[in-house]
Structure formats: C-alpha cells, structure tokens
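Open the structure in your viewer and keep the selection tool at hand.

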Amino acid sequence: MIRMTQWPALRPAVWPAMAAAMLATTAFGQDMTMVKEVDVEADLSAVQNPRAAEYWTDIADDLENAIVARLTDRIAEDGVKISVDISEVELANTFENLTNVADTRMVGQVNITSETDNTAFNSYELTLSVEQALPYFPAGTVVTAITLENRDYYSAMIEGFAQAVVDRL
C-alpha cells in the first residue's frame with residue numbers, strides 16, 4: 001500500500017508509466033481501415049515522354065500488387081475500395097535529377113470509397129518524387145550512380161508510392 005507521504009517520491013516514476021500505458025491503449029484502440037478491393041489504372045498512352053511510357057509499362061499491375069501486399073492483414077468483404085488512377089509519370093536520368101533539370105516522379109489520384117457507408121470517402125492527389133523513394137532503395141545503393149536500367153530504381157518508386165497510399169488509409 002502506498003502512503004500519501006510516499007506519493008511525491010513515486011510520482012516521477014509513475015507518470016511516465018501511466019502516460020505510456022495511455023498511449024498504448026489509444027494506439028491499439030484505433031480501428032484499422034479494412035479493404036475490400038484495390039484497383040490501379042494508368043493510361044500510358046497519355047504520357048508525353050515516350051521513354052517514360054516504355055519504362056512504366058507494368059506500373060498498374062506492379063503498384064496494385066505492392067499495395068495489396070501491404071494490406072494482407074486488412075482484407076475484408078465489408079472494407080473500402082482503393083482506386084488509384086496514375087495520371088502522370090516522369091522519368092529523368094541521374095544527371096537530370098541531380099541538376100534539377102527534370103524529375104522522376106509519379107502522380108496519381110487516390111480515391112477511397114465504401115459501398116456501405118457513404119461518409120467513408122477520401123480523395124487526394126498523391127505525388128512521389130525519386131527523393132521521397134530513397135528509403136526504398138536497397139541498403140548501400142549509391143543513388144548518384146544508379147541508372148534507369150537498374151530495376152531497383154523502378155521498384156523503389158513503386159514501393160514508395162504504395163506505402164504512401166497505405167499510410168494515408
């Protein structure tokens with residue numbers, strides 16, 4: 001039993017523990033958005049840069065798979081639908097990226113809808129630059145030396161975009 005005279009001595013130890021317990025309860029108490037469907041589309045015929053259109057040929061399937069891979073524990077029949085429409089892709093070589101002459105980036109419209117609850121709707125434009133995708137390059141990658149032919153470049157862009165979609169759920 002703690003006596004009131006002991007309380008001031010215990011306070012420095014008790015408050016951090018209580019705060020941590022409250023934060024943990026809040027984090028575990030939040031509902032995770034469940035997902036029923038993921039659909040990604042990309043109109044590569046609208047891409048102005050032929051080199052970019054050729055480079056991003058499998059973007060819709062690859063991005064859809066990357067998003068679904070991050071949601072395997074959140075799949076449900078009564079979940080939301082995630083629709084991504086890639087509206088723009090740009091491709092720049094390392095020199096162009098470093099000198100800010102051009103950028104490698106992906107832009108897409110993300111819509112999250114629910115068939116059962118019309119209030120569960122979110123829509124936003126998501127832009128991911130190669131700089132934002134840097135954490136998705138393999139460890140030890142020298143970004144200034146990587147070439148577009150290296151699939152790590154493509155994979156990092158796909159993985160970074162997919163993670164940004166999931167993070168905003």
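The secondary structure of the protein chain consists of five helices and four strands. Helices (H or I, at least four residues) and strands (E, at least two) are DSSP runs, numbered from the N terminus. Colour by secondary structure and follow the chain from the N terminus: the order is α-β-α-α-β-α-β-β-α.

This is a predicted model, in which local features need pLDDT of at least 70, side-chain atom pairs count only at pLDDT 80 or more, and totals for chains, interfaces and linings use all residues. Residues are numbered from 1 along each chain as its sequence is written, and side-chain values use heavy atoms, with hydrogens and water left out.

**Whole chain**

Of the 169 residues in the protein chain, 32% are buried. Buried means under 20% relative accessible area, exposed over 50%, and partly exposed in between (1.4 Å probe, protein chains only). Among the contacts in the protein chain with a separation of 6 or more, 66% are between residues 24 or more positions apart. Contact means heavy atoms within 4.5 Å.

Select Asp-39, which lies in strand E1 (residues 35-42). Asp-39 has a relative accessible area of 23%, so it is partly exposed. Leaving aside neighbours within four places in sequence, Asp-39 is in contact with Glu-64, Lys-81, Ile-82, Ser-83 and Val-84. Draw a distance from Asp-39 to Val-84: their C-alpha atoms are separated by 6.3 Å, although the two are 45 residues apart along the chain.

Next select Ser-83 in strand E2 (residues 80-90). Is Ser-83 buried or exposed? Its relative accessible area is 19%, so Ser-83 is buried. Beyond its neighbours within four places in sequence, Ser-83 is in contact with Asp-39, Gln-109, Val-110 and Asn-111.

Move to Met-32, in the loop between helix H1 (7-29) and E1. Met-32 is partly exposed because its relative accessible area is 46%. Apart from neighbours within four places in sequence, Met-32 is in contact with Asp-73 and Arg-74.

Select Val-166 in helix H5. Val-166 counts as buried because its relative accessibility is 10%. With neighbours within four places in sequence left out, Val-166 is in contact with Ile-67, Arg-70, Leu-71 and Arg-74.

Show helix H3 (residues 59-69) together with helix H5 (residues 151-167): their axes come within 9 Å and cross at roughly 50°. Axes are lines fitted to C-alpha atoms, for helices over the stretch in contact, and angles run from 0 to 180 degrees between N-to-C directions. H3 and H5 are therefore oblique to each other; angles under 35 degrees count as roughly parallel, over 145 as roughly antiparallel, 65 to 115 as roughly perpendicular and the rest as oblique.

Last, show the side chains where the helices meet. Ile-59, Asp-62, Leu-63, Ala-66 and Ile-67 in H3 meet Tyr-154, Ile-158, Glu-159, Phe-161, Ala-162, Val-165 and Val-166 in H5.
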